[in-house]
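Colleague: I would like to learn how to read a few features of a model. Could we go through them one at a time?

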Amino acid sequence: MPTSSEVDTAPPPRLLALAAFRFPHGDAMSNRLLQLARSATPPGTPTLVVNDWPDDGTRPPADPSLPPGVRLICLGGGAHGLLARWLRRRARPLRVLAELRRAGVRPRDLTGVYLPVNLWDLTTWAVLRAATRCPVTVDVLERHDPEQFPRGRLAPYFLRHRWSLFLAGRLADRVIAVSETIAGHFVRRGLPTLVVPPQVDLAEHTASATPPPIAEGVRLLYAGSAGPKDLLSVVLAGIRGLPRAERDRVHLVIAGFDRDRAASLSDLDEGLVTELADRITFLGRVPRDRVLAELRRSHFSLLVRPLAGYAQAGFPSKVPESLAAGCPVLLNPTSDLGRYVVDGREGLVLAGPTADDVRDGLVRALALDDAAWRAMSRAARERAGSFDYRLWAPVVSAFVAGPGGAPDGAPARSASAASAAGVNR
């Protein structure tokens, strides 16, 4: 992590990005900010990421690996007790400005501020807008439904989430949306909006996927925190629906949680897990390098989601990561996924999110030969170029740090670099 003196001697950053998670390599949110910061960095100037490390008992790495053009300052000091943590979060924008002053960075030298919507509130907007006098861009990755929470519309997290979206739609200068569905919400409010799906760094994925011969069986991978959003119970029911001989050729690897916590962290049914125990391997929580290695050893990564509003609004980052590793995906087409994954080319597209749909998809996967799978793997790698942060750099940097709003100057239009990259084939 650079010290204040190191930041003092470096060129002044023109773009400030705010984070509050295990940056730079902690989770999907951390990776989203890292790649977006890289693509938003104006040519010849660095982006300064100010990260408020979460109060979760962990500590930031002493010397994190950062790509060129991205500099990091961690806000120091944890807080003990609910009230202390609440006050620390409320004072975050003031703490950011204080840290910038200590680092010798003048807020008025900035030409753009970027932050995820979960860090967006009235205080943050008022303080940063007044101090920097530059456009503030909000990144919106999801739009939750009340049905996702036991208390529905009264759930505190849901209320905070919708309040943040409300404020973003009225106070943000610009919006980055992860999907066309989310973009439409802000375009209708007249906000300059740019659609940027989850990004990857293809340079991280130099080795192609090399799973065992498919005649020996199909190796499936689910990586992530399932919760109710990913229908793992449906996946298991689909595996169970196969004839015994075909079921014995399917192996599912789950990375992200262990067997003991499956019931509390996902929708997995204990009976199904027990019945298919010889077909499932739980890896628990593993580092990112292990997940990438598992992708390279798998024939397909899995993503089955319900036909609900939140699934149509989000865009799972595991899909670009899987494609970049040369691992085709087996999924049902929610959100914008159908624009990137064509059935039989980059993966197998299910007819829907039911157990029968999963079973039918697995029958097709088991019928492939190695040559057909390798062609699918090559197509997945080729498609991953649509998500590489380098492709997005010109349009994202112009949008976040440039003087105008949308790249074509239209103040209320959803713009996307994806179409220019030939996504719609």
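Modeller: Start with a strand pairing: Ala255 has Gly284 in S10 as its bridge partner. This is a predicted model, and the pairing belongs to strands S9 (residues 250-255) and S10, which run in the parallel sense over 4 bridges.

Colleague: How do the side chains point along strand S10?

Modeller: In a regular strand, side chains alternate between the two faces of the sheet. Strand S10 (residues 280-284) shows this: Ile280, Phe282 and Gly284 are buried and point to one face.

Colleague: Next, aromatic pairs. How many aromatic pairs does a search of the whole structure find?

Modeller: The search finds 7 aromatic pairs. Phe315 and Tyr340 make an edge-to-face pair, with 5.7 Å centre to centre and 80° between the planes. Planes over 60 degrees apart count as edge-to-face.

Colleague: Which parts does the pair of Phe315 and Tyr340 tie together?

Modeller: Phe315 is in the loop between helix H13 (309-313) and helix H14 (318-324), and Tyr340 is in the loop between strand S12 (329-331) and strand S13 (347-349), so the pair ties together parts 25 residues apart in sequence. Phe315 and Tyr340 are both buried. Phe315 also forms an edge-to-face aromatic pair with Phe387, at 6.0 Å centre to centre and 65° between the planes. That pair links distant parts of the chain, 72 residues apart, since Phe387 lies in the loop between helix H16 (370-384) and helix H17 (389-401). Phe387 is buried, as is Phe315.

Colleague: Which residues form one aromatic cluster?

Modeller: Phe149, Tyr157 and Phe158 form one.

Colleague: Now the charged residues. How many salt bridges are there?

Modeller: Side chains of opposite charge can pair when their charged atoms come close. With a cut-off of 4 Å between a side-chain nitrogen of Lys or Arg and a carboxyl oxygen of Asp or Glu, the count comes to 26 salt bridges. One of them joins Arg38 to Asp201, with the closest N and O atoms 3.0 Å apart. Arg38 is in helix H2 (residues 28-40) and Asp201 in the loop between strand S7 (193-195) and strand S8 (218-223), so far along the chain that 163 residues separate them.

Colleague: Are Arg38 and Asp201 buried or exposed?

Modeller: Both are buried. Asp201 also meets Arg390 in a salt bridge, at 2.9 Å from N to O. Arg390 lies in helix H17 and Asp201 in the loop between S7 and S8, so this pair ties together parts 189 residues apart in sequence.

Colleague: Where does the salt bridge of Arg288 and Glu204 sit?

Modeller: The side chains of Arg288 and Glu204 meet at 2.7 Å, N to O. Arg288 is in helix H12 (residues 288-296) and Glu204 in the loop between S7 and S8, 84 residues apart. Arg288, at 25% relative accessibility, counts as partly exposed, and Glu204 is partly exposed at 31%. Elsewhere, salt bridges that share partners join Arg38, Asp201, Asp388 and Arg390 into one network.

Colleague: What is Gln35 in contact with, leaving aside its neighbours within four places in sequence?

Modeller: Gln35 is in contact with Gln199, Val200, Asp201 and Tyr389. Gln35 is found in helix H2 and is buried, with a relative accessible area of 1%.

Colleague: Where is the kink in H17 centred?

Modeller: The kink, of about 40°, is centred on Val395. Val395 is among the buried residues of H17, which also include Tyr389, Trp392 and Phe399.

Colleague: Last, Met376. Which residues is Met376 in contact with, again leaving aside its neighbours within four places in sequence?

Modeller: The contacts of Met376 include Phe300, Pro328, Arg345, Leu348 and Leu368. Met376 lies in helix H16 and, at 4% relative accessibility, counts as buried. The C-alpha atoms of Met376 and Ser39 are separated by 28 Å, and the two residues are 337 residues apart along the chain.

Definitions and conventions. Residues are numbered from 1 along each chain as its sequence is written. This is a predicted model: local features need pLDDT of at least 70, side-chain atom pairs count only at pLDDT 80 or more; totals for chains, interfaces and linings use all residues. Side-chain values use heavy atoms; hydrogens and water are left out. Buried means under 20% relative accessible area, exposed over 50%, partly exposed in between (1.4 Å probe, protein chains only). Helices (H or I, at least four residues) and strands (E, at least two) are DSSP runs, numbered from the N terminus. Two strands pair if DSSP finds at least two bridges between them. Rings of Phe, Tyr and Trp (its six-membered ring) pair if their centres lie within 6.5 Å; planes under 30 degrees apart count as stacked, over 60 as edge-to-face and the rest as tilted. Contact means heavy atoms within 4.5 Å. The bend at a residue is the angle between axes fitted to the seven residues ending there and the seven starting there.
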